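Please go through the model below by question and answer, starting from the terms used.

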Amino acid sequence: MQGGVCRGCQLFLTLVLLLCPSLPVRGLRYRQYLHFQVLSPGDIQYIFTATPAKDFGGIFNQRYDQIHLVPADPLEACGELNNGAFIQGEIALVERGGCSFLSKTRVIQEHGGLAVIIADNASDNDSRYVDMINDNSGRTVDIPALFLLGRDGYMIQRSLEQHGLPWAIISIPVNISSIPTFELKQPPWTYW
Ligand SMILES: *[C@@H]1O[C@H](CO)[C@@H](O)[C@H](O)[C@H]1NC(C)=O
Ligand SMILES: *[C@@H]1O[C@H](CO)[C@@H](O)[C@H](O)[C@H]1NC(C)=O
Ligand SMILES: *[C@@H]1O[C@H](CO)[C@@H](O)[C@H](O)[C@H]1NC(C)=O
C-alpha cells in the first residue's frame, strides 16, 4: 500500500485525530506515524515524519532528547558495516534495497544500534510511504524500525555530506501535539 496523501495533510490528520479522539477513524486510511526532530546540522532542523514497521521490531520505550542518527556504511546495511562502532548505542539511517527491511534491522541491532530509520531508495519521492513487513524468514528483531520518505532520507544524507559530518543529532520520538503549531517546522521540500 502506498500513501497518496500529502504529508502535510497526513500530519494535519494526525493532529485532528489526536485532538478529537472521538472522531470515527473507520473509513479513513489511517496510518501510524512517529516523528523525530533534527537538531543538527541546522539547515535540516525540521520535524520529520516516519512510519513504524507493521509487524516486526520493537517500540520506543523512552524519548531520546539528543542521540546520533548515523548513516550506515554501506548505506544498504545488508552485511558487515565499516562504521559499526559509531552505531553502537545510537540510531542508524539506512537505505532500502539489497535485502529485506528485517535483515537491515537485524544488522543494526547486531551492531548495538537502538533503532533504525530506513529511507526509501527513491531519493526524489516525497509522498510514498511503504508498509514495512517481515520477510517470512521466521526471524525476529527487538529494536524499532521506521520507514522514511526517500526525499527526506536523501536531504539528511546530503546535508551531512556537505558538512562533512558522520552523523546528525536528533530527538526521537517527538510528540507533535505538545508543540505549538507555529513551531512545527516541516521540511520545506514537502507540501503542506
Ligand atoms: C529499491 O529497493 C527495492 C526493494 O529492494 C527494489 O525492488 C528496487 O529495485 C530499488 N530501486 C532502486 C532505484 O534501487
Ligand atoms: C513516488 O512513488 C509513487 C508510488 O510509486 C509514485 O506514484 C510517484 O510518482 C513517485 N513520485 C516521485 C516524485 O517519484
Ligand atoms: C502529547 O502531548 C499532549 C499535549 O501536551 C499530551 O496531552 C499527550 O499526553 C502527549 N502524548 C504522549 C504520548 O506523551
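Two residues are in contact if their C-beta atoms, placed from the backbone, lie within 7 Å. The model is predicted: local features need pLDDT of at least 70, side-chain atom pairs count only at pLDDT 80 or more, and totals for chains, interfaces and linings use all residues. Residues are numbered from 1 along each chain as its sequence is written, and chains are lettered from A and ligands numbered from 1 in the order in which they are written.

Q: What is the mean pLDDT of the protein?
A: pLDDT is the predictor's confidence in each residue, from 0 to 100. In this protein 83% of the residues reach 70 or more, and the mean pLDDT is 88.

Q: Which stretch with pLDDT below 50 has 7 contacts in the model beyond near neighbours in sequence?
A: Residues 1–5 have pLDDT below 50, with 10 contacts in the model beyond near neighbours in sequence. The stretch with 7 such contacts, also with pLDDT below 50, is residues 15–28.

Q: In what order do the elements of the protein run from the N terminus on?
A: Helices (H or I, at least four residues) and strands (E, at least two) are DSSP runs, numbered from the N terminus. The protein has 4 helices and 7 strands. Their order is α-β-β-β-α-β-α-β-β-α-β.

Q: In what order do the 7 strands close into a barrel?
A: Two strands pair if DSSP finds at least two bridges between them. The pairing in the barrel is mixed, and the twist averages 40 degrees from one strand to the next. The order is β1-β2-β6-β5-β4-β3-β7.

Q: Which residue of β4 is the bridge partner of L69?
A: β3 (residues 64–71) is joined to β7 by 4 antiparallel bridges, where H68 has I169 as its partner. With β4, β3 pairs in the parallel sense over 3 bridges. There the bridge partner of L69 is I91.

Q: With which residues is L148 in contact, leaving aside its neighbours within four places in sequence?
A: L148 is among the residues with the most contacts inside the largest nonpolar core. Its contacts, with those neighbours left aside, are F48, A50, I117, I118, A119 and G153.

Q: How many of the residues of α3 are buried?
A: A residue is buried if 20 or more other C-beta atoms lie within 10 Å of its own, exposed if 12 or fewer, and partly exposed in between. The buried residues of α3 (101–110) pack against α2 (84–87), β4 (91–95), β5 (115–119) and β6 (145–148). They include F101, L102 and K104, and of the 10 residues in the helix the number buried is 8.

Q: At what angle does α3 run to β5?
A: Axes are lines fitted to C-alpha atoms, for helices over the stretch in contact, and angles run from 0 to 180 degrees between N-to-C directions. α3 lies across β4, β5 and β6, and its angle to β5 is about 140 degrees.

Q: Which residue with a positive phi follows α4?
A: The buried residues of α4 include G150, R151 and D152, and what covers the buried ones includes β1, β2, β4, β5, β6 and β7. After α4 comes a phi near 65 degrees, at G164.

Definitions and conventions
A nonpolar core is a set of buried Ala, Val, Leu, Ile, Met, Phe, Trp, Tyr and Cys residues joined through C-beta atoms within 7 Å.
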